[in-house]
Amino acid sequence: MTGLEAISQKLGTTAPWRESGGVYWLDPRTLGIRDIARAMNEAHARFVTITAYQLPKDEGLRLEYHWDLDGKLLGVPFKLAGDSIESIYDLCEAVDWIEREIHEEYVVEFVGREHEPLLLREGDKPGVNLREEAAR
Amino acid sequence: MSYRIPMGPFHPGLEEPYKLEMICTGETVTDAKLHIGFNFRGIEHLAETRNYIQVIALMERVCGICSNIHTLTLCQAMERLTNLTPPPRAQYIRVIVAELERLHSHVLWAGIAAKLMGFKTMFMTCFEIREKVMDVLQAISGNRVNYAMNRIGGVNRDIEDPASILKMLEALEREMLRTIIPIFTTSTTARSRCAGVGVLTAAKAASVGVVGPMARASGLSQDLRRAAPYAAYEEMEFDVPVQTEGDVRARLLVRALEIMESCKILRQALGKLPPGEIFVPVEKYAFITGTATSRAEAPRGEVMYSVSWREGSRNPARVHVRTPTYANMPAVRWMVQGARLADTPLIQASIDPCYSCTDR
């Protein structure tokens, strides 16, 4: 059984891993990010980063979580229903800075953790979107 | 009684601005908090306002030391979005420049570490050798910092006389074997200042997700050149040095040994440089709609680019960079706990931090 199959088995999902753009993607379907993080921990996958995408019009945000498993880059995308998603900081301390950065830039609430003061920028107002600022 | 000592954001012990707020009991650090953001330039946002040529020049400026690896990783991602594969000669040239950059970066770090150890003669020696590496880079690219070597589908400049570069490399390797490696591996000063200092255990290194020499000095054998080879690394034979102690000395040894491995890779790449074109001639780049991701092993560890594009657009829709120091810096908090206050400049320097990269 490959590492990817082992993760699928742990998650109890039949969704296939799809390779695209240098990443092995898994559609989480009904799975939550905390289920994914636990399975990645069990598989000894290394957390890499989260990339946030602002979707066109008012479609909200998409977060792409990335892990490395023996040189394979794994990706799990989550389209946010609102402006919040569960934090995985207690399961994976490597997400600390990137969760804080995304909170700062996009005001995404990572539920279940305290947000420490801003990481990258001066000031106490999160969500200063540079793209919107420049367009104004 | 505990008290707080701030180091930075501007401090002689730091190469660039950042702030380490330490809580001490007597001379012992019990905890620390890191503050970054002093170099924030909004580069990811700026990238969305640049076209596919300009964005390469922009991302080369994310880092002033490993500038080449940023354009290499970005170009690899953009090649996935344009379905272009660089010719073999270009892939070899990419390896050569990447390894020269690793040499330059590791020797520069060795110099700074020597200075922080109070070993100023060694600092001078390292910087003299670094100059020679930069001379080689200048001979290849015409530049000493931002080499402008990478383009979508290949490289901008050829290496017309690999034999002359080999000759320069041999001289460089001789000096490294004569000075840097023996001094760092055997000197009492290096040993007494570094052994058992700033320990990061393998378990903590894995939990924090550190990368590059930091991870390898804590016993984690991870190197993208081996695990997920890019450019021409699949055709190179080299070892991945790993140490298990997790202290500053282990980081010193890993980088010293990596210098020798880089020389080994350079000799192979220069010796086997295949003939042919150095880029794919394209009249107009046709980007597909989608997201592509690329990773490379920078001198400080894994760098990752996620690039998103919409067909017909000249500019990327999104560029996200995860730099190695971004992954490594949070570990400083754990490395300084229990350390002597006087050792903290060396401990934070031992991650070979790049704050400009981190802040972007």
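In chain A, A:Trp17 has A:Leu26 of strand β2 as its bridge partner. The model described here is predicted. Strand β1 of chain A covers residues 17–20, and strand β2 covers residues 23–26. The two strands run antiparallel and are joined by 4 bridges. Their hairpin has 2 residues between the strands. In this hairpin, A:Gly21 takes a positive phi near 55°.

Chain A also touches chain B. The contact draws on 31 residues from chain A and 38 residues from chain B. Together the chains bury about 2800 Å². Carbon and sulfur atoms carry 53% of that area. Within chain B, the most area is lost to chain A by B:Phe40, B:Arg318 and B:Tyr326. These residues together account for 19% of what the chain B side buries.

Polar interactions also cross the interface. Between chain B and chain A, 13 residue pairs are in polar contact, with both residues at pLDDT 80 or more. The interface holds 4 salt bridges. A salt bridge links the side chains of B:Lys204 and A:Glu93, at 2.9 Å from N to O.

Several elements of chain B supply at least two residues each to the side that touches chain A. The helices are α8 (202–208), α10 (224–227) and α15 (355–359). The strands are β3 (28–35), β6 (290–298), β7 (301–309) and β8 (318–322). By class, this side of chain B has 16 nonpolar, 12 polar and 10 charged residues.

Notes. Residues are numbered from 1 along each chain as its sequence is written. Chains are lettered from A and ligands numbered from 1 in the order in which they are written. This is a predicted model: local features need pLDDT of at least 70, side-chain atom pairs count only at pLDDT 80 or more; totals for chains, interfaces and linings use all residues. Side-chain values use heavy atoms; hydrogens and water are left out. Contact means heavy atoms within 4.5 Å. Buried area is the accessible area (1.4 Å probe) that two parts lose on being put together, summed over both. A polar contact is a pair of N or O atoms within 3.5 Å; within protein, one must be able to donate a hydrogen and the other to accept it, and residues adjacent in sequence count only if both atoms are side-chain atoms. Ala, Val, Leu, Ile, Met, Phe, Trp, Tyr, Cys and Pro count as nonpolar, Asp, Glu, Lys and Arg as charged, and the others, Gly among them, as polar. Two strands pair if DSSP finds at least two bridges between them.
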